[in-house]
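Morning, everyone. Please have a look at the model on the screen, and then I will walk you through it.

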Amino acid sequence: DILYQPDHLVVATNPKEVIPYHEAVHTIEAVAESVVETFYIQIKVEGLEYVSSAQAVLTGMVGSNRFGLGERVTDKENAVYFTLVKSDDKGAPVLCNVFNTFGRIDGSKNDLWMTFDIHTIDGRVLTKEYDISHLFDTDDFKQHRWLLFEEVLVIPPPPPAPPGQQGGGFQPSLEDWDEERHDIIL
């Protein structure tokens, strides 16, 4: 299943809390935390000027969370869909974004694949797929939740337009006007 990324869901639990019978206000103190993990993904791109939009799908992710119990549902692996934005990292063109997930299935070392669907300005769709299992073992991921690709994604330029069709789009032209005179009988 391919799922959209979840919104943050903040949950507070305190299993030692006992609520006695009371007639006035009873205050419960607990620390609320999100059950969603946030990741950052980035891949360098050569030919970013030819990209009109980009999306990504990451497989091997947890599909849901039993937030009352604080458990991830790991019966079945799921994929998370999200969009990418064009940006730059210290002058290097990149596709990147921050996305949310319920996390990856603990102990999984396979089925962590990233698929990029890139739409170009001339209407082509390029699909690139990477095994990213190794990125979850990097210091960048462990410390910051960053998935940083070493590979450079190359987007080839659009093919040249046939003669007479350069520039694309609608380009009207207008020739000189001829003056015509006619009598109209009413």
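A term to begin with: a residue is buried under 20% relative accessible area, exposed over 50%, and partly exposed in between, using a 1.4 Å probe and protein chains only. Now the ground rules. This is a predicted model, so local features need pLDDT of at least 70, side-chain atom pairs count only at pLDDT 80 or more, and totals for chains, interfaces and linings use all residues. Residues are numbered from 1 along each chain as its sequence is written, and side-chain values use heavy atoms, with hydrogens and water left out.

Start with the overall build. The protein chain has 12 strands and 1 helix. Both kinds of element are DSSP runs, numbered from the N terminus: helices are H or I with at least four residues, strands are E with at least two. From the N terminus on, the order reads β-β-β-β-β-β-β-β-β-β-β-α-β.

Some totals next. The protein chain has 186 residues, and 31% of them are buried. Its accessible surface is about 13100 Å², with 52% belonging to carbon and sulfur atoms. Those areas come from the Shrake-Rupley method with a 1.4 Å probe, and for residues only the protein chains shown count as cover. Then contacts, meaning heavy atoms within 4.5 Å. Take the contacts between residues at least 6 apart in sequence: 67% of them join residues at least 24 apart.

On to the inside. A nonpolar core is a set of buried Ala, Val, Leu, Ile, Met, Phe, Trp, Tyr and Cys residues joined through side-chain atoms within 4.5 Å. How many residues does the largest one have? It has 29, and Leu 95, Phe 116, Ile 132 and Leu 147 have the most contacts inside it. Two or more residues come from each of β4 (37-46), β5, β8, β9, β10 (113-120), β11 and β12. Strand β5 gives the most, with 5 residues. There is also a second, separate core of 6 residues, and Val 35, Val 36, Phe 102 and Ile 105 are among them.

Look at Phe 116. Leaving out residues up to four places away in sequence, Phe 116 touches a list of residues including Ile 41, Ile 43, Ala 56, Leu 84, Tyr 130 and Phe 149. Gln 55 is on that list too.

So where is Gln 55 found? It sits in strand β5 (residues 51-61). Gln 55 is buried, at a relative accessible area of 16%. Its side chain makes a polar contact with the side chain of His 119, at 3.4 Å. A polar contact is a pair of N or O atoms within 3.5 Å; within protein, one must be able to donate a hydrogen and the other to accept it, and residues adjacent in sequence count only if both atoms are side-chain atoms. Beyond its neighbours within four places in sequence, Gln 55 is in contact with residues including Tyr 81, Phe 82, Thr 83 and Leu 84.

Now the rings. Rings of Phe, Tyr and Trp (its six-membered ring) pair if their centres lie within 6.5 Å; planes under 30 degrees apart are stacked, over 60 edge-to-face, and the rest tilted. The structure holds 8 aromatic pairs. Phe 82 and Phe 99 are stacked, 4.0 Å centre to centre, with 5 degrees between the planes. Phe 82 is in strand β8 (residues 78-89) and Phe 99 in strand β9 (residues 92-101), 17 residues apart. Both are buried. Next, Tyr 130 and Phe 149 are edge-to-face, at 5.4 Å and 65 degrees. Tyr 130 lies in β11 (residues 125-131) and Phe 149 in β12 (residues 146-154), so this pair ties together parts 19 residues apart in sequence. Phe 39, Phe 82, Phe 99, Phe 136 and Phe 141 form one aromatic cluster.

Last topic: charges. A salt bridge is a side-chain nitrogen of Lys or Arg within 4 Å of a carboxyl oxygen of Asp or Glu. The count is 3. Glu 37 and Arg 145 meet at 3.8 Å, N to O. Glu 37 is in β4, Arg 145 in the loop between α1 (139-144) and β12, 108 residues apart. Is each one buried or partly exposed? Glu 37 is buried at 17%, and Arg 145 is partly exposed at 32%. Asp 122 and Arg 124 form a salt bridge at 2.9 Å. Arg 181 and Glu 179 form one at 3.3 Å, and both of these residues are exposed.
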